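Here is a short note for a colleague who has not seen this model before. Please keep the structure open while reading the points below.

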Amino acid sequence: MCAKLWMITERGMDTLEIDDHSINYGLGLDTGGTYTDAVIVDLSNGRIVCSSKSPTTGNDLSIGIAKSIGNFDRELFRNVKMVSLSSTLATNSIVEGKGCRVALITIGRDFDGSVPVDKCICIKGGHTLAGKEKEPLDGDAARNFLKSLEGRVDGVAISSYFSVRNPEHEKCIASLTREILDVPVVCGHELSSNLGFNERTTTCVMNARLIPIIKELVMSVKKVAKDAGIVAPLMIVKGDGSIMSESLALERPVETILSGPAASLIGAKTLTGRQNAIVMDIGGTTTDIGILRNGIPRLEKDGAIIGGRRTRVMAAEISTSGIGGDSRIIVNGNKLQLTALRVIPLCIAADRWPVLEEKLEVISTAPTRFVPEYLDGGKIIQEMEFFVNLKDNPSIVLTGYDKEFIDAIRSEPKSLTEVGNETGIHPYSFNVLKMEEFGIVQRIGLTPTDILHADGSYVQFNRKAAVYGVAHLANKLKISNEKFVKLAKQAVVDKIARELLKKLFYEETRHTRMDAISKDIMDKAISGKSGLDYGVTVKINKPVVGIGAPARAYLPQVVEKFGTELLLSEYSHVGSAVGAITGNVVESLAITITPLKGEGGGENPRCTLFASFGRYDFDKFSDALEFAKEEGSKVVSQRIRTAGADKFDVQVKVENKKFGFNEGYEGSVLIECNVTIVAVGKPKGFGFI
């Protein structure tokens with residue numbers, strides 16, 4: 001089998017042949033919100049052997065994972081030497097507020113409460129910016145608190161003031177916690193070396209809360225692997241696109257946030273060979289846009305923001321918007337409109353519940369009623385939309401009407417009108433928006449996936465259902481099916497183009513605010529239409545790499561607007577899974593050295609070294625720097641071995657921050673020295689980088 005790289009440019013279509021060869025295989029998996037993707041890659045040369053997609057099964061992830069590899073030749077599994085996984089599970093869990101019971105112990109300062117905890121206490125202790133003890137640690141208060149937690153929490157987070165300058169108090173309370181409780185313990189200094197007490201504490205709490213969730217995911221993958229006869233180590237993709245061992249992921253699950261989008265960036269590089277590119281991953285739920293610079297994702301320096309909360313997790317800077325293959329299409333007044341709500345496409349739903357095809361056929365020819373334009377399109381109920389019960393949520397109190405609604409749709413999907421006729425309750429008495437919000441029900445409706453089925457460009461499910469849905473909404477607008485399909489496809493293209501320009505504007509200016517002038521410029525650039533006195537053309541300077549199943553249908557028209565090239569691989573539809581199995585193992589360590597007060601102008605001043613492994617005083621700066629390089633390299637080397645790397649390179653970067661005097665004065669004063677040590681490698685079995 002040969003893999004082909006399709007490059008769509010102004011010159012036409014080029015093909016790159018890769019020699020057939022296979023020794024050691026790697027299995028890459030990506031569990032997204034809509035689909036679970038799987039690929040088998042030859043680790044010796046990067047050749048893709050086979051690929052597959054299957055719907056993600058939220059209630060039991062192992063089902064979707066098993067189906068994603070179900071069509072693979074089982075003989076291939078004998079040669080799988082590594083399994084690697086990317087997922088949106090951690091990100092979604094944080095946003096949805098899911099996780100285990102966590103107790104928080106802060107030392108020397110109260111937490112601002114930006115992320116909820118089940119039990120918390122602030123005890124005396126902590127350190128100063130110089131790493132000296134601010135006040136003695138109150139171990140008795142910690143001991144009494146920990147004893148009160150037995151059987152009441154599933155994990156403990158510990159965060160001390162200025163622990164990045166001296167982790168002594170965190171380590172002491174962690175030891176005490178392990179002595180009293182048999183639960184996971186997470187310390188702030190283990191997750192970040194950056195200053196910022198509240199952000200570090202937030203990261204610490206999130207990490208503790210995610211441990212059982214990631215453990216469940218890991219167990220699901222291992223179960224599927226065992227059933228398939230796969231005996232291989234499991235790696236997990238981090239938010240920066242690198243990979244780490246299963247054991248490390250269970251200790252630091254918070255580092256897997258934005259794992260899926262980061263994997264798509266690595267997959268884009270692997271599939272195209274490009275080091276500098278814009279990567280657009282169009283999934284079922286969202287479109288994620290990231291930038292590759294010199295072969296690595298651009299990272300959010302201040303830490304990723306998840307669920308509106310700043311963390312200290314280094315992750316790829318990804319722009320995410322609610323436009324994907326499963327985005328809801330509605331008619332609002334006399335306008336076609338795209339919404340961010342994810343629904344089950346009609347074509348997929350009719351495959352699962354064949355009765356829907358008959359219902360849609362009747363609706364497609366029935367007289368339509370005009371719906372006035374709503375400011376909030378989410379409140380519009382369309383005749384060809386149906387609802388299905390996902391799961392019950394005992395913690396959510398439902399009205400009697402809503403309980404009757406759930407009972408009515410347990411056996412098969414039904415519209416509001418159908419349920420109203422069956423129950424005798426007015427359809428608008430059901431609070432479907434609330435039930436959707438809490439994941440109790442999911443809507444079935446017309447989507448961009450249906451549009452592709454209707455025009456015949458992509459047909460994998462029930463095409464008739466999609467055509468009937470299009471016919472119904474086209475009748476509402478009093479236009480032909482063909483014109484409706486054209487309008488819908490253009491709406492998707494324009495929405496994606498708009499999100500692309502927003503991302504690039506931010507990359508260029510670091511601002512997101514759009515005023516009337518910038519909006520007009522963007523509108524003209526996207527539409528290609530001139531105004532009274534001027535038109536606008538935007539030229540993008542990098543190629544765009546398309547990832548995700550819908551990319552092939554929509555991105556050619558997007559890049560055409562901006563005069564750049566589009567790179568689409570034969571395996572772009574499973575690009576995240578490719579990235580999961582081809583990423584590097586990366587571990588880094590930041591060390592800070594500061595001269596003693598008043599000695600920064602000396603040739604070799606006394607100084608203090610701050611690192612996650614401790615605080616040390618030195619009589620000479622040169623000795624501190626040498627210790628930082630040697631000890632830091634040892635620590636990073638041990639970490640990358642634990643993370644799963646076999647062979648690796650260690651690089652040391654030294655940056656001195658100095659204050660220089662005005663002209664006429666000689667010399668400068670050393671403010672601080674930052675030593676960054678990075679180890680990069682591949683897991684055992686890789687023959688290509």
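1. Surface patch. I517, I521 and Y534 make a nonpolar surface patch of about 280 Å². Patches are made of residues with over 30% relative accessible area and no salt bridge; like charges are joined within 9 Å, and nonpolar side chains (Val, Leu, Ile, Met, Phe, Trp, Tyr) within 5 Å. Areas come from the Shrake-Rupley method with a 1.4 Å probe, and for residues only the protein chains shown count as cover. I521 sits in helix α16 (residues 516-527). I521 is partly exposed, at 31% relative accessible area. Here buried means under 20%, exposed over 50%, and partly exposed in between.

2. Basis of the values. This is a predicted model, in which local features need pLDDT of at least 70 and side-chain atom pairs count only at pLDDT 80 or more, while totals for chains, interfaces and linings use all residues. Residues are numbered from 1 along each chain as its sequence is written, and side-chain values use heavy atoms, with hydrogens and water left out.

3. The sheet. Four strands form an open sheet in the order β8-β7-β9-β10, with parallel pairing. The edges are β8 (119-123) and β10 (185-187); each has a single partner strand, so one side of each lacks a neighbour in the sheet. From one strand to the next, the twist averages 15°. Helices (H or I, at least four residues) and strands (E, at least two) are DSSP runs, numbered from the N terminus. Two strands pair if DSSP finds at least two bridges between them.

4. Strand β9 (residues 155-160) runs parallel to β10 and is joined to it by three bridges. V156 has V185 in β10 as its bridge partner. Helix α3 (residues 139-147) packs on the sheet and touches β7 (102-107) and β8; its direction makes about 170° with that of β8. Helix α4 (residues 168-180) also packs on the sheet, touching β7, β8, β9 and β10, and its direction makes about 160° with that of β9. Contact means heavy atoms within 4.5 Å. Axes are lines fitted to C-alpha atoms, for helices over the stretch in contact, and angles run from 0 to 180 degrees between N-to-C directions.

5. Salt bridges. The structure holds 35 of them. Each is a side-chain nitrogen of Lys or Arg within 4 Å of a carboxyl oxygen of Asp or Glu. K359 and E412 meet in one (2.9 Å, N to O). K359 lies in helix α9 (residues 355-365) and E412 in the loop between α10 (400-408) and α11 (416-423), so the pair ties together parts 53 residues apart in sequence. K359 is buried at 15%, whereas E412 is partly exposed at 26%.

6. A pair within a helix. K502 and E499 also form a salt bridge (3.7 Å, N to O). Both lie in helix α15 (residues 481-509), three residues apart, about one turn of the helix. Is E499 buried or exposed? E499 is buried, with 8% relative accessible area; K502 is partly exposed, with 37%.

7. Another pair, and a network. R606 and E599 meet at 2.4 Å, N to O. R606 is partly exposed, at 40%. Salt bridges with shared partners join R293, E317, K503, E507 and R510 into one network.

8. A buried valine. V545 belongs to strand β24 (residues 544-547). V545 is buried, at 2% relative accessible area. Leaving out residues up to four places away in sequence, V545 touches A268, T272, A277, I278, V279, M280 and L567.

Technical notes. Buried < 20%, exposed > 50% of the residue type's maximum accessible area, 1.4 Å probe, protein only.
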